[in-house]
Amino acid sequence: MRYVCSVCGYVYDEEREGKPFSELPESWKCPVCKAAKPLFAPDAPDDVPAPAAEPAVSAAAPGEEYAGLTVGELAALCSNLARGCEKQYNATAQALFTELAGYFSAVSPEHESPTVEKLAEMLRADLGVRYPNMQAAASAAGDRGLQRVRVWGEKVTNMLSSLVAQYMSEGEAMLRGTDIWVCSVCGFVYIGGRPPELCPVCKVPAWKFDKIEGRASA
């Protein structure tokens with residue numbers, strides 16, 4: 001039996017490894033991207049029929065899909081779009097989205113009593129509702145670019161959800177004696193002494209990773 005990492009695609013082959021996946025400890029992580037064991041799924045054989053297409057979602061009026069977003073969410077959206085434009089070498093659009101992200105960040109109020117539990121809840125909503133809706137919309141429109149964005153975003157969000165769950169279990173001990181690296185292109189988060197040679201999600205080289213420094217104590 002083979003099990004595939006939902007983040008980077010690494011395959012754990014029980015026959016080759018000589019140990020059933022079920023017997024690996026729950027603390028075991030993907031050797032490539034360090035995704036947690038629950039992010040692995042059995043590798044479906046080629047003759048398994050593809051799942052039925054998801055129902056198309058109704059098209060929203062221009063701008064309507066952004067009506068419910070907070071100022072902070074708009075800042076994050078524009079920042080992500082700027083990164084996407086950078087990847088596509090569209091400097092003009094990148095500059096415009098960067099300017100918008102800066103504006104929304106500047107006028108965004110501080111979140112009242114933010115918690116790790118709230119972050120975990122938001123990530124679960126992204127994975128359970130928003131990404132499936134995004135895939136349905138992309139499929140209905142035949143938009144391959146949007147489908148790629150969905151794939152990358154879902155992989156990164158899976159990793160973030162896993163890291164948040166680990167942090168809720170281990171606390172600050174999880175980050176002691178190590179560093180945090182974030183891919184500047186897709187947002188993949190890696191915890192380790194140095195970044196991976198290639199981003200497990202978007203495949204850019206290690207120099208595209210930014211090291212996140214801890215905040216100074218007040």
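A residue is called buried when its relative accessible area is under 20%, exposed when that area is over 50%, and partly exposed in between, with a 1.4 Å probe and protein chains only. The model is a predicted one, in which local features need pLDDT of at least 70 and side-chain atom pairs count only at pLDDT 80 or more, while totals for chains, interfaces and linings use all residues. Residues are numbered from 1 along each chain as its sequence is written, and side-chain values use heavy atoms, with hydrogens and water left out.

**Stop 1: Lys-37**

Select Lys-37, which sits in the loop between α1 (14-17) and β3. Helices (H or I, at least four residues) and strands (E, at least two) are DSSP runs, numbered from the N terminus. Lys-37 has 7% relative accessibility and therefore counts as buried. A polar atom of its side chain lies 3.2 Å from the backbone oxygen of Phe-21.

**Stop 2: the sheet with β1**

Next, select β2, β1 and β3, which form an open sheet in the order β2-β1-β3 with antiparallel pairing. Two strands pair if DSSP finds at least two bridges between them. At the edges are β2 (11-13) and β3 (40-42), each pairing on one side only. Neighbouring strands here are turned by 30° against each other on average, direction ignored. Between β1 (residues 2-5) and β3 there are three bridges in the antiparallel sense; to view a bridge, select Val-4 and its partner in β3, Ala-41.

**Stop 3: the sheet with β4**

Move to β5, β4 and β6, an open sheet of three strands in the order β5-β4-β6, paired antiparallel. Because β5 (189-192) and β6 (209-212) stand at the edges with a single partner strand each, one side of each is left without a neighbour in the sheet. Strand β4 (residues 179-183) pairs with β6 over four antiparallel bridges. Select Val-182 to find Asp-210 of β6 opposite.

**Stop 4: the second largest pocket**

Finally, select Ala-36, Pro-38, Ser-162, Ala-165 and Gln-166, the closest to the centre of the second largest pocket among its 13 lining residues. On a 1 Å grid over the protein atoms alone, a pocket is an open set of points where a 1.4 Å probe fits, with protein on both sides within 12 Å along at least five of seven lines; lining residues have an atom within 4 Å of a point. The volume of this pocket, the space filled by probe spheres set on the points, is about 190 Å³.

Notes:
Axes fitted to C-alpha atoms, helices over the stretch in contact; angles between N-to-C directions. Polar contact = N/O pair within 3.5 Å; in protein donor to acceptor, adjacent residues only side chain to side chain.
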